[in-house]
Amino acid sequence: MAFTCYVHDFSTEKIDDWDKHNQEKEHEVTGTAPCNLCGRVTNFKFKGKRKISSTPCICEDCKKGF
(Lines give C-alpha, C1' and ligand atoms only; values in the text may rest on other atoms or scores of the structure.)
Protein backbone atom coordinates (compact mmCIF):
# COMPACT_ATOMS: atom_id res chain seq x y z
CA MET A 1 0.00 0.00 0.00
CA ALA A 2 1.31 3.44 -0.87
CA PHE A 3 1.01 6.48 1.41
CA THR A 4 0.85 9.73 -0.57
CA CYS A 5 0.95 13.39 0.49
CA TYR A 6 0.04 15.62 -2.43
CA VAL A 7 0.72 18.80 -0.43
CA HIS A 8 4.43 17.98 -0.11
CA ASP A 9 4.77 15.74 -3.20
CA PHE A 10 5.77 12.78 -1.02
CA SER A 11 5.01 9.09 -1.45
CA THR A 12 6.22 5.94 0.30
CA GLU A 13 5.22 2.34 0.93
CA LYS A 14 6.91 2.22 4.34
CA ILE A 15 4.86 3.17 7.41
CA ASP A 16 8.03 4.32 9.22
CA ASP A 17 8.75 6.84 6.44
CA TRP A 18 5.12 8.00 6.48
CA ASP A 19 5.19 8.54 10.25
CA LYS A 20 8.46 10.48 9.94
CA HIS A 21 6.96 12.69 7.21
CA ASN A 22 3.94 13.50 9.42
CA GLN A 23 6.25 14.41 12.31
CA GLU A 24 8.41 16.73 10.19
CA LYS A 25 5.78 18.52 8.04
CA GLU A 26 2.57 20.33 8.95
CA HIS A 27 -0.71 18.85 7.70
CA GLU A 28 -4.39 19.64 8.18
CA VAL A 29 -6.42 16.73 9.48
CA THR A 30 -10.20 16.59 10.04
CA GLY A 31 -12.31 13.75 11.32
CA THR A 32 -14.23 12.22 14.21
CA ALA A 33 -12.50 10.46 17.10
CA PRO A 34 -12.61 10.03 20.87
CA CYS A 35 -11.28 13.05 22.80
CA ASN A 36 -7.75 12.35 24.02
CA LEU A 37 -8.67 13.62 27.50
CA CYS A 38 -12.23 12.47 28.30
CA GLY A 39 -13.05 9.92 25.58
CA ARG A 40 -16.19 11.66 24.26
CA VAL A 41 -16.54 11.17 20.50
CA THR A 42 -16.16 14.55 18.81
CA ASN A 43 -15.39 16.17 15.47
CA PHE A 44 -11.97 17.73 15.19
CA LYS A 45 -9.80 19.83 12.89
CA PHE A 46 -6.05 19.95 13.48
CA LYS A 47 -3.24 21.71 11.66
CA GLY A 48 0.33 20.93 12.62
CA LYS A 49 2.89 18.19 13.00
CA ARG A 50 1.58 14.86 14.33
CA LYS A 51 3.05 12.37 16.76
CA ILE A 52 3.32 8.76 15.64
CA SER A 53 -0.05 6.97 15.61
CA SER A 54 -1.90 9.71 17.48
CA THR A 55 -5.20 11.40 16.74
CA PRO A 56 -5.06 15.12 17.61
CA CYS A 57 -8.59 15.33 19.05
CA ILE A 58 -9.70 17.44 22.03
CA CYS A 59 -13.43 18.13 22.61
CA GLU A 60 -14.76 21.66 23.20
CA ASP A 61 -15.45 21.02 26.91
CA CYS A 62 -11.87 19.88 27.53
CA LYS A 63 -10.50 22.85 25.53
CA LYS A 64 -12.32 25.20 27.95
CA GLY A 65 -10.32 23.66 30.79
CA PHE A 66 -7.01 24.90 29.35
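**Cysteines, a histidine and a loop threonine**

Searching the whole structure turns up 0 disulfides, a disulfide being a pair of cysteine sulfur atoms within 2.5 Å. C38, for one, is in no disulfide: the nearest cysteine sulfur belongs to C59 and sits 3.7 Å away. For C59 itself, the closest cysteine sulfur is in C62, at 3.6 Å, too far for a bond.

A word on the ground rules: this is a predicted model, where local features need pLDDT of at least 70, side-chain atom pairs count only at pLDDT 80 or more, and totals for chains, interfaces and linings use all residues. Residues are numbered from 1 along each chain as its sequence is written, and side-chain values use heavy atoms, with hydrogens and water left out.

Back to the cysteines: C59 is buried, with a relative accessible area of 1%, while C38 is partly exposed at 43%. (Buried is under 20% relative accessible area, exposed over 50%, partly exposed in between, using a 1.4 Å probe and protein chains only.)

Now hop over to H21, in helix α1, residues 15-24 (helices are DSSP runs of H or I, at least four residues, and strands runs of E, at least two, numbered from the N terminus). H21 counts as buried because its relative accessibility is 6%. Setting aside neighbours within four places in sequence, H21 is in contact with C5, H8, F10 and H27, contact meaning heavy atoms within 4.5 Å.

Finally, T55 sits in the loop between β4 (41-48) and α2 (60-64) and is partly exposed, at 35% relative accessibility. Beyond neighbours within four places in sequence, T55 is in contact with A33, N36 and F44.
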